[in-house]
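I set down here what I looked up in this structure, entry by entry. Each entry takes one topic.

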Amino acid sequence: MKWIYCIILITALWSCRSVKYVPVESTADSIVVEKLVEVQLPPDSATIRALLECDENGKVVLSWLDIANSRNAKAQLTIDSLGNLLAKMKTQPDTIYKPSKEVTVTKEVRVPYPVEKELTRWQQMKLELGGWAFGIIITAALIIAGWFVYKLRKK
């Protein structure tokens with residue numbers, strides 16, 4: 001009996017090893033593409049204030065003019081020889097394009113490291129037989145439970 005205890009103790013001490021973490025390296029192929037991105041500029045405006053009067057001959061005369069232009073809008077006001085008021089407005093495009101970089105990941109490859117130690121044939125066989133034994137035990141338990149239920153109903 002002492003030998004059995006010694007064998008169980010030695011087996012228990014020998015089988016208790018710490019599990020080492022096996023890292024998995026991952027590499028990704030990426031492509032950097034430079035492209036132009038559309039950026040909207042805020043709207044601009046210009047204001048024109050003018051005072052128009054008639055002279056003694058009945059012609060329109062510009063007596064006072066104030067034009068406030070912004071950075072992207074240029075306004076121009078003129079009166080032709082017939083007295084027609086002409087207004088012109090020049091604006092810059094309201095969209096600009098700026099360069100930007102876009103990164104696209106095409107594929108990710110995971111490279112596993114080799115395990116610390118492969119299972120022996122004996123260990124693999126024990127794993128497979130353990131699964132079969134667990135299935136047999138569950139099947140036997142269900143058969144025995146069914147047999148008891150059958151016996152109880154028969155009485």
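**Entry 1: the strand pair.** I looked up the pairing of S2 and S3 and found that these strands run antiparallel and are joined by eight bridges. Two strands pair if DSSP finds at least two bridges between them. Helices (H or I, at least four residues) and strands (E, at least two) are DSSP runs, numbered from the N terminus. I noted that Glu53 has Val61 in S3 as its bridge partner. The hairpin of S2 and S3 has five residues between the strands, and Gly58 there takes a positive phi near 90°.

**Entry 2: the basis of the values.** The model is predicted, with local features needing pLDDT of at least 70 and side-chain atom pairs counting only at pLDDT 80 or more, while totals for chains, interfaces and linings use all residues. Residues are numbered from 1 along each chain as its sequence is written, and side-chain values use heavy atoms, with hydrogens and water left out.

**Entry 3: Ser63.** I placed Ser63 in strand S3. Which residues does Ser63 touch, not counting residues up to four places away in sequence? I found Leu51 and Glu53, a contact being heavy atoms within 4.5 Å. Ser63 and Glu53 are 10 residues apart in sequence, and their C-alpha atoms are 6.6 Å apart in space. The classes are buried for under 20% relative accessible area, exposed for over 50%, and partly exposed in between (1.4 Å probe, protein chains only).

**Entry 4: the salt bridge.** I searched for a side-chain nitrogen of Lys or Arg within 4 Å of a carboxyl oxygen of Asp or Glu, which is the rule for a salt bridge. The count by this rule is one. Arg49 and Asp66 form a salt bridge, with their closest N and O atoms 3.2 Å apart. The pair links distant parts of the chain, since Arg49 is in strand S2 and Asp66 in strand S3, 17 residues apart. Arg49 counts as partly exposed because its relative accessibility is 47%. Asp66, at 32% relative accessibility, also counts as partly exposed.

**Entry 5: the nonpolar patch.** I found a nonpolar patch on the surface formed by Ile48, Leu52, Val60, Leu62, Leu65, Ile67 and Leu85, with about 500 Å² of accessible area together. Strand S2 (47-54) and strand S3 (60-68) are the elements that give two or more residues to the patch. S3 supplies the largest share, four residues. Patches are made of residues with over 30% relative accessible area and no salt bridge, with like charges joined within 9 Å and nonpolar side chains (Val, Leu, Ile, Met, Phe, Trp, Tyr) within 5 Å. Leu52 lies in strand S2, and its relative accessibility of 37% makes Leu52 partly exposed.

**Entry 6: the aromatic pair.** How many aromatic pairs does a search of the whole structure find? The search finds one. The ring centres of Trp147 and Phe148 are 5.4 Å apart and the ring planes stand at 50°, so the pair is tilted. Rings of Phe, Tyr and Trp (its six-membered ring) pair if their centres lie within 6.5 Å; planes under 30 degrees apart count as stacked, over 60 as edge-to-face and the rest as tilted.

**Entry 7: the chain.** I recorded two helices and six strands in the protein chain. Buried residues make up 3% of its 155 residues.

How values were computed
Accessible areas come from the Shrake-Rupley method with a 1.4 Å probe; for residues, only the protein chains shown count as cover.
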